[in-house]
Amino acid sequence: MNKQESSYRWVVFGTALLAYYLIVSQRTAPGLITEQLMKDFHVSASVIGLMTSIQFLAYAGLQIPIGLLSDRYGPNRFLIIGSLLTGIGSLSYSTAPNEYVLIFSRLLVGTGDSMIFVNLVLILSQWFKGNEFVKLLGLIGLVGSVGSLSATVPLSMWISFSGWRVPFLSIGLVLMAVAYLLYVVLVIKPKRLFQDDAKANKSSVKTQESVWAILRRVMTTRQAWATFLCHFGVVGTYIGFIGSWGVPYGMNVFHLSRADASQLIMYGLFGAMIGGPLISWISSRLNSIKKIYSLIHLIVVLSWTGLLLSGVEPSFMLVVILLFIIGFGNGASALTFAVVRQSFSVKEVGVVSGFANMGGFLSAVLLPSIFGNVLDLFPERSLHVGYHYAFIIPILFSMMGLLGVLLIKEKGKKEQKMLNAS
């Protein structure tokens, strides 16, 4: 039975997508309790920024190693281990007695999270045909946005009802159960259905190219660096902001409650939910990724600039609109991996996807920490002024993304066919 023609591929994809949904919800959930953690553990904004940065540093730093290992050994074991580690990290976070355990817990979550997206991309390459690739990337973007959306008003209401520890404990336990489900779906069942494919994979490992040769080729390729910068600018700024300072921004600048401030961030998530499928569809219709992606990056730069120019006391409606547009741009980030799939052979998709994804989360590492340091320069009564000046950071970061998309060189139809065949 051929994997790409089997109906079982949708079971694999759906189960992996469930794990991705839960893990993305944990990626940004701590942003809801930033103020609570500062009070409970008596820590500064810089420490909170460090905690967020540690999570994304683990994610970013492991992208290339995970990509290399996944290309070589397949995505199954890494999806399972990643889900398990994220579950353990959430469990530990919920019982943390001090800030050191909090930081270590987020390190575990970041390590587990680092194994998920790259392997989802590999699943698309292995289980689905090339003409399904871009559309399914848009679906992944949509599910990821729904996961982030779950970490706004619904989770905020849960936290208000039961405190912040119970939700993180519950989600951690669910993730550990999902890790076992992945083991059944990805390992046990396929051994019975696809025995010939398993033998072929074992024999292919022996003929793999050396790690250093692959890394050397990737690190000297303009196209790989272009995708790295694209994700650095459009993904890292969005995730870094909503995952750490988005809710406190609403609470300090507009004097909203935690639940109302999470609604403010929800508008950005709605933008991301729409942006992923819509931009993927438009790009496939235009048969050009670079044109539409360049426009998206320019709009994101202008939106962050709009937040800065809106002043110390911005219009609430203007902020809602700009966050929606920024979220829309993040949803379109799936095009980064469409560029990777068009530009590199199937054997290299994992490592190049990891390299590109590392750009986004390196940005998400740097932004919360720098943002927090800027806020620490201002007294508590003037935090709204601090937020105003801190928006310079995402403007500069998003301009790197614009540079990246301009460096992209789109492949011709003949070149794409050759890569699909390789």
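Biologist: How many cavities of 30 Å³ or more does the count come to?

Modeller: This is a predicted model, in which local features need pLDDT of at least 70, side-chain atom pairs count only at pLDDT 80 or more, and totals for chains, interfaces and linings use all residues. Residues are numbered from 1 along each chain as its sequence is written, and side-chain values use heavy atoms, with hydrogens and water left out. A cavity is a set of points, on a 1 Å grid over the protein atoms alone, where a 1.4 Å probe fits but cannot get out. For cavities of 30 Å³ or more, the count comes to six.

Biologist: How much space lies in the largest cavity?

Modeller: Grid points are joined across faces, edges and corners, and a volume is the space filled by probe spheres set on the points. By this rule, the space in the largest cavity is about 320 Å³.

Biologist: Which helix gives the most to the lining of the largest cavity?

Modeller: The lining (residues with an atom within 4 Å of a point) holds 25 residues, with Tyr20, Arg27, Ile239, Asn330 and Ser333 nearest the centre of the largest cavity. Helices are DSSP runs (H or I, at least four residues) numbered from the N terminus; H1 (8-28), H7 (133-150), H13 (236-242), H15 (258-286), H17 (316-331) and H19 each supply at least two lining residues. With six residues, the greatest contribution is that of H7.

Biologist: How many of the eight residues of H14 are buried?

Modeller: Buried means under 20% relative accessible area, exposed over 50%, and partly exposed in between (1.4 Å probe, protein chains only). In H14, the buried residues include Pro248, Tyr249 and Asn252, and their cover includes H2 (34-40), H13, H15, H17 and H20. H14 is mostly covered, and its buried residues number seven.

Biologist: Which helices do the buried residues of H20 pack against?

Modeller: H20 (residues 383-390) has six of its eight residues buried, among them Tyr387 and His388. With contact taken as heavy atoms within 4.5 Å, these buried residues pack against H14 (246-253), H16 (289-309), H19 (349-375) and H21 (392-407).

Conventions
1 Å grid on protein atoms, 1.4 Å probe; cavity = no way out; pocket = protein on both sides within 12 Å on 5 of 7 lines; lining within 4 Å.
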